[in-house]
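Colleague: Can you walk me through this one? I have a few quick questions.

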Amino acid sequence: MVAALSTSIEGVLIGRALQGAGAISSAVMALVADLTQEVHRTKAMATIGVSIGLSFGAGLVAGPIVAGLGGLAAVFGFTAVLTVFAIVVLLVVVPNPKQSKRHRDAEFVPGQMLDALKKW
């Protein structure tokens with residue numbers, strides 16, 4: 001909403017910085033890791049990746065349409081509406097994990113770093 005209500009480029013930049021600070025893909029990946037069994041984790045992570053890609057594509061199509069109908073403020077306002085919708089979905093649909101776990105398939109192992117770099 002900071003960017004939507006801004007009357008200067010500085011305000012838009014501050015709004016966009018706040019949007020970037022709210023990027024939560026790593027938190028979503030951690031939640032999915034806690035909520036899924038190891039055998040299903042790859043599919044769940046791939047599904048998240050696909051949804052991010054589809055969202056990006058939908059934004060490229062919908063952005064100019066929304067901007068044409070209501071201007072740049074409408075684009076940021078629409079983003080705020082989608083954010084509120086996402087928060088509701090998070091609170092109502094997504095379960096809370098019983099406990100946060102350490103996952104050997106997603107954990108950093110310093111001793112394997114050199115091996116990984118050699119394969120690159």
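This is a predicted model: local features need pLDDT of at least 70, side-chain atom pairs count only at pLDDT 80 or more; totals for chains, interfaces and linings use all residues.

Colleague: What about contacts, how much comes from residues 24 or more positions apart?

Modeller: Among contacts with a separation of 6 or more, 56% are between residues 24 or more positions apart.

Colleague: Let's go to α2. How far does the helix reach from its first C-alpha to its last?

Modeller: Helix α2 covers residues 9–21, which is 13 residues, and reaches 18 Å between those C-alphas. At 1.5 Å a residue the expected value is 18 Å, and the helix is close to that.

Colleague: Which of its residues are buried?

Modeller: In α2 the buried ones are Gly 11, Val 12 and Gly 15. They are on the same side of α2 because they cover an arc of only 100 degrees around the axis.

Colleague: Which residues of α2 are exposed on the other side?

Modeller: On that side Ile 9, Glu 10, Leu 13, Ile 14 and Ala 21 are exposed.

Colleague: So what covers the buried residues of α2?

Modeller: The cover includes α1, residues 2–5, and α5, residues 72–92.

Colleague: Pick a residue in α1 for me. What does Val 2 touch?

Modeller: Val 2, which is in helix α1, touches Gly 11, Ile 14, Gly 15 and Leu 18, leaving aside residues up to four places away in sequence.

Colleague: Is Val 2 buried, partly exposed or exposed?

Modeller: Val 2 has a relative accessible area of 41%, so Val 2 is partly exposed.

Colleague: Now α5. How many residues does α5 have, and what span?

Modeller: α5 has 21 residues and a first-to-last C-alpha reach of 31 Å, close to the expected 30 Å at 1.5 Å a residue. Its buried residues are Phe 76, Gly 77 and Ala 80. Their arc is only 105 degrees around the axis, so they are on the same side of α5.

Colleague: What do those buried residues pack against?

Modeller: The buried residues of α5 pack against α1 and α2. The face turned away from that buried side carries Leu 72, Val 81, Phe 85 and Val 92, which are exposed.

Colleague: Switching to the surface. Which residues make the nonpolar patch?

Modeller: The patch is made by Leu 35, Val 84, Phe 85, Ile 87, Val 88, Val 89, Leu 90, Leu 91, Val 92, Val 93 and Val 94, and its area is about 1000 Å². The most comes from α5, which gives 8 residues.

Colleague: Where does Val 94 lie?

Modeller: Val 94 lies in the loop between α5 and α6, the latter being residues 110–119. Its relative accessibility is 31%, so Val 94 counts as partly exposed.

Colleague: Last one, Pro 64. Which helix is that in?

Modeller: Pro 64 is in helix α4, residues 38–70. Pro 64 counts as exposed because its relative accessibility is 54%. Pro 64 and Val 75 are 11 residues apart in sequence, and their C-alphas are 8.5 Å apart in space.

Terms used. Residues are numbered from 1 along each chain as its sequence is written. Side-chain values use heavy atoms; hydrogens and water are left out. Helices (H or I, at least four residues) and strands (E, at least two) are DSSP runs, numbered from the N terminus. The expected span of a helix is 1.5 Å times one less than its number of residues. Buried means under 20% relative accessible area, exposed over 50%, partly exposed in between (1.4 Å probe, protein chains only). The arc is that of the directions from the helix axis to the C-beta atoms. Contact means heavy atoms within 4.5 Å. Patches are made of residues with over 30% relative accessible area and no salt bridge: like charges are joined within 9 Å, nonpolar side chains (Val, Leu, Ile, Met, Phe, Trp, Tyr) within 5 Å. Accessible areas come from the Shrake-Rupley method with a 1.4 Å probe; for residues, only the protein chains shown count as cover. A salt bridge is a side-chain nitrogen of Lys or Arg within 4 Å of a carboxyl oxygen of Asp or Glu.
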